[in-house]
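Student: Hi! I have a structure to look at and could use a hand reading it. Can we go through it together?

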Amino acid sequence: MLRFAKFLRKLEIELTTYRDGFQASVSERDKFDKDFVERSALIIIHPNTAKAFGLKDGQMVKVSAGERSLNLRIKVDEMAPENKALMPKSIYSSYLDSDKVTIEPTDDGVTTQDELLERYR
Amino acid sequence: MWTCTGCSCLCEDVEIDENTVRHACRIGAELFRGRSISRAEPLVEGKRTDIDSAIDKAVEILKESKGVAIYGLNRSTLEAQREALKLAEKLSAFVDNGSEFGRIVEAIFEGLIPITTIEDVRDYAYVQFYWRCDVHNSMPRLMARTYYARGKKRQRGYEEDRYLVVVDVRKSHTAMLAKKNASFFKTENDAELIGEFIKAIRGGVASGDVMRVVREVKKSEFNVILGGQIDAPMKLIEEFVKEVGYFVPLDYRTNSMGFFKTFGRRDELEKIVEDIDTLIVVGDDPMDDVGFDVMKSILKLKIIVITPKISFISKFADVVIPSAISGLECGGKMLRCDFKEVELKPPFKEGFSEEKILKSINGGL
Amino acid sequence: MPSPMDIYKFLPKTNCKLCGEQTCMSFAFKLLKGEKSLNDCKPLFEKEFEENRRKLEEILAVIEKATETGLVVNEELCIGCGNCVVVCPVHVYEDPKGAGSGYGVKLERPILRVENGRVRVVDVGLCRRYRDKMICVACRECCPTSAIAFLEEL
């Protein structure tokens, strides 16, 4: 199978965060559960942004801010601003801690809590 | 019926039985249902110990420390917050709850911004501005209690008896609710839009969308701004609220208003890291809120964590002291987002309250 | 909410017409609307489609529960805000002090109730769509996460 994703240019985009109720609810239950990753390791982009850059809902991307990067899942949703990417506020967004990120497709799996905590050690 | 401490709505109508939590939103339901999952244990330097030894170790660390900050306290009762205040006074400690509402709450305490309650909004408010807060996500049941509910003078339902205004930088879930008898303003410039509203209310001319809302504002004596992260000079916000009617600060953090009432200030953790060698975390997890670089510096400090559940910061703590979940496992009082005092009657009795733990630490110092 | 495509992909796709429809796609549409049932598709009950049939039963379970009023709730998308419980005109009339005033519904058998943080259909018997054959969409209008839908609008 051809991996068209490989030929995509990097998308540079502003990043903003919001409090997500679903994320808050899994956080309330257990921060070390897989549901926490599912609801936190997300980057949400507007359908127009997704179309312009050939990004698909559910696709894995590497999101970088300077030297730090995370593997996150793309969610395409019109609740994101058209010119910015959106992340639920959590340790994932706080780790990136940047109002500008680059997004590029990846074949790697999502960054887990343990991997993330390791980077703070 | 029990009170949910999942956010500052402090919903008092939650029913529980063995398998079901009724009426609470998803956040509250998980607080109740997940109560016994991932609970913290007393730890000293990562090793399991008993709670008294953990408290003793915390006291030992605090006796040797030269600069202390207390972080969190948003899930703490007023009683626990008062105990933390005593501790802060004893240690000349910094205090921070991570909330950005300090400035506006100060103006409220000074009487510069008139406030109202959730019940009065429901019973009387016609135009309701939800300004820069995606309340559907952060405080999920609030609009059911303020906007969708019928009230004493608002008997005909939201489509006729209310006018909804949502202002945000994006089309949030809350903005998607602005349908009939409603307006959504997408803006990055709050100050400019507030300026337009003030001008129009005072008889000036503004854009058609603003004029439409202002016509609605003039129809009623009781209108309200429910405000989140409004990005405008305080003077302008004060003027705006006075023209519109009333204000309710929508800080989702459960007892954030209690924190501000108890401490009267907040010392931003980001700015004081250099001045401390010990951090006490009560109930919150700074790793969700604080950026990486500052967090790296924090993790070099001595860290004492008082928490009901295993958290990210508890993984890095020198001492972990497990606590009861406020409102579910121990009682006390909290302030709702609108400053109404709510008495918590816990359905379960378990563990040590934060109040008791902080009192023990105070006693040991 | 399943789309006709979600259903079609598990059908035999042979357009055999045994169900009385011209194509499997139109059969998928009718299944969604509750006008046909899986039993009408004979080939599905052959061994080779066993796995597909099980998948379809899962997909359709949620719809079958709701066919009397066409109300379909997707609990996974629900945040439990209770807007729908509070605006429901029947709840307001029957329970003015509870749901009507913005609190949890106090009726023993309400139409909708938030349980474990998600809205659940308890009893459609009271729903105006069922009782009075009215087209009422009050509960869906105040749901921004599409957790509530009606079959006729799919």
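Predicted model: local features only at pLDDT ≥ 70, side-chain atom pairs only at ≥ 80, totals over all residues.

Student: How many residues do chain B and chain C bring to their contact?
Tutor: Chain B gives 29 residues and chain C gives 29 residues, where contact means heavy atoms within 4.5 Å. The area buried between them is about 2500 Å², and carbon and sulfur atoms give 50% of that. Buried area here is the accessible area (1.4 Å probe) that two parts lose on being put together, summed over both.

Student: Which residues of chain B lose the most area to chain C?
Tutor: Those are B:H23, B:R26 and B:R150, together 26% of what that side buries.

Student: And how many residue pairs are in polar contact between chain B and chain C?
Tutor: There are 13, counting pairs with both residues at pLDDT 80 or more. A polar contact is a pair of N or O atoms within 3.5 Å; within protein, one must be able to donate a hydrogen and the other to accept it, and residues adjacent in sequence count only if both atoms are side-chain atoms.

Student: Which element gives the most to the side of chain B that touches chain C?
Tutor: That is α1(B), with four residues. Helices (H or I, at least four residues) and strands (E, at least two) are DSSP runs, numbered from the N terminus.

Student: Is B:E30 buried or exposed?
Tutor: B:E30 is buried, because its relative accessible area is 5%; buried means under 20%, exposed over 50% and partly exposed in between (1.4 Å probe, protein chains only). B:E30 also meets B:R33 in a salt bridge, 3.2 Å from N to O. These two are about one helical turn apart because three residues separate them in helix α1 of chain B. B:R33 is partly exposed, at 35%.

Student: What else is linked to that group?
Tutor: The network of salt bridges consists of A:R29, B:R26, B:E30, B:R33, C:E76 and C:R118. Within it, C:E76 and C:R118 come to 3.8 Å at their closest N and O atoms.

Student: Which residue of chain A forms a salt bridge with B:D285?
Tutor: A:K31 does, with the closest N and O atoms 2.6 Å apart. B:D285 counts as buried at 8% relative accessibility, and A:K31 does too, at 7%.

Student: Changing topic: how many aromatic pairs are there over all chains?
Tutor: The count is 20. Rings of Phe, Tyr and Trp (its six-membered ring) pair if their centres lie within 6.5 Å; planes under 30 degrees apart count as stacked, over 60 as edge-to-face and the rest as tilted. B:Y147 and B:Y148 make an edge-to-face pair, 4.7 Å centre to centre with 70° between the planes.

Definitions and conventions. Residues numbered from 1 in each chain as written. Chains lettered and ligands numbered in written order. Heavy atoms only, no water. Salt bridge = Lys/Arg side-chain N within 4 Å of Asp/Glu carboxyl O.
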